[in-house]
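Please take a look at the model shown here. The report below walks through its strands, its cores and its charged side chains.

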Amino acid sequence: MKLHSSFFRLLGLILALSGLTLAGLTNAAERGTSRQAKVMLDNAVHVLEQQGPKQAFAKFNDPQGGFVQNDLYIFAIDMDGVYQATGANPKLVGQSLAQTTDAAGKPIGKEILTLADKIGYGIIEYEWLNRHTNDVEHKFSRIRKVGDYVLGVGFYLPNEEQ
């Protein structure tokens, strides 16, 4: 019994010193990690290569298709920057990302296309609205060129306030 209560006292002390709460641990767990984003992107690349654009994009746009998890989602654009899929908002399909800027005015659409064209993969960082928190936050997106398309998935940095 004494060991059990000592454990919880120690856990409480660790959480207090780190500035976390049990609620914060829950909220942090709802944020996708860089690793989860990489796995999702790898899976999306595989689906696109194996099933082709039509079936892959339908899965990416479907909230139940396996490519929308908490705040992670796949987006797909063609090399002109036109959305072919986006799990965050399928209504964007057909619209251009090419001239899109982030909340700080950074031309992220052009940056994604340039990176995809020159290297074929990479990570960009920018300021973006997190629809889960309704706050503009620092975000990273992993991107990879697959044939005539660029697939990407973004993740937010852990928020110290959570």
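Which backbone nitrogen lies 2.7 Å from a polar atom of the side chain of Asp71? The backbone nitrogen of Gly32 does.

This is a predicted model: local features need pLDDT of at least 70, side-chain atom pairs count only at pLDDT 80 or more, and totals for chains, interfaces and linings use all residues. Residues are numbered from 1 along each chain as its sequence is written, and side-chain values use heavy atoms, with hydrogens and water left out.

Asp71 lies in the loop between β1 (68–69) and β2. Helices (H or I, at least four residues) and strands (E, at least two) are DSSP runs, numbered from the N terminus. Asp71 is buried yet has no salt bridge. Buried means under 20% relative accessible area, exposed over 50%, and partly exposed in between (1.4 Å probe, protein chains only). A salt bridge puts a side-chain nitrogen of Lys or Arg within 4 Å of a carboxyl oxygen of Asp or Glu. The nearest side chain of opposite charge to Asp71 is Arg31, 5.0 Å away. Lys and Arg count as positive, Asp and Glu as negative; His and the chain ends are not counted.

Beyond four places in sequence, Asp71 touches residues including Gly32, His132 and Gly154. Contact means heavy atoms within 4.5 Å. Gly154 lies in strand β6 (residues 149–156). Gly154 has a relative accessible area of 1%, so this glycine is buried. The C-alpha atoms of Gly154 and Ser34 are separated by 8.3 Å, although the two are 120 residues apart along the chain.

**Strands**

Strand β4 (residues 121–130) and β5 pair in the antiparallel sense over 10 bridges. Two strands pair if DSSP finds at least two bridges between them. Tyr121 has Arg144 in β5 as its bridge partner. The β4 and β5 hairpin has 4 residues between its strands, and Asn134 in the turn has a positive phi of about 60 degrees. β5 also runs antiparallel to β6, joined by 8 bridges. That hairpin has 2 residues between the strands, and Gly147 takes a positive phi near 65 degrees.

**Cores**

The largest nonpolar core has 20 residues. Such a core is a set of buried Ala, Val, Leu, Ile, Met, Phe, Trp, Tyr and Cys residues joined through side-chain atoms within 4.5 Å. Those with the most contacts inside it include Phe57, Phe60 and Leu151. α3 gives the most to this core, with 7 residues. A second, separate core of 15 residues includes Tyr73 and Val150.

**Charged side chains**

Arg142 is found in strand β5. Arg142 is buried yet has no salt bridge; Asp42, the nearest side chain of opposite charge, is 7.3 Å away. Instead, the side chain of Arg142 makes a polar contact with the side chain of Ser34 (2.8 Å). A polar contact is a pair of N or O atoms within 3.5 Å; within protein, one must be able to donate a hydrogen and the other to accept it, and residues adjacent in sequence count only if both atoms are side-chain atoms.

The count comes to 4 salt bridges, among them these:

| Pair | N to O distance |
|---|---|
| Asp42 and Lys38 | 2.9 Å |
| Arg144 and Asp42 | 2.6 Å |
| Glu111 and Lys106 | 3.5 Å |

Lys38, Asp42 and Arg144 are linked in a network of salt bridges. Asp42 and Lys38 lie 4 residues apart in helix α3, about one turn.
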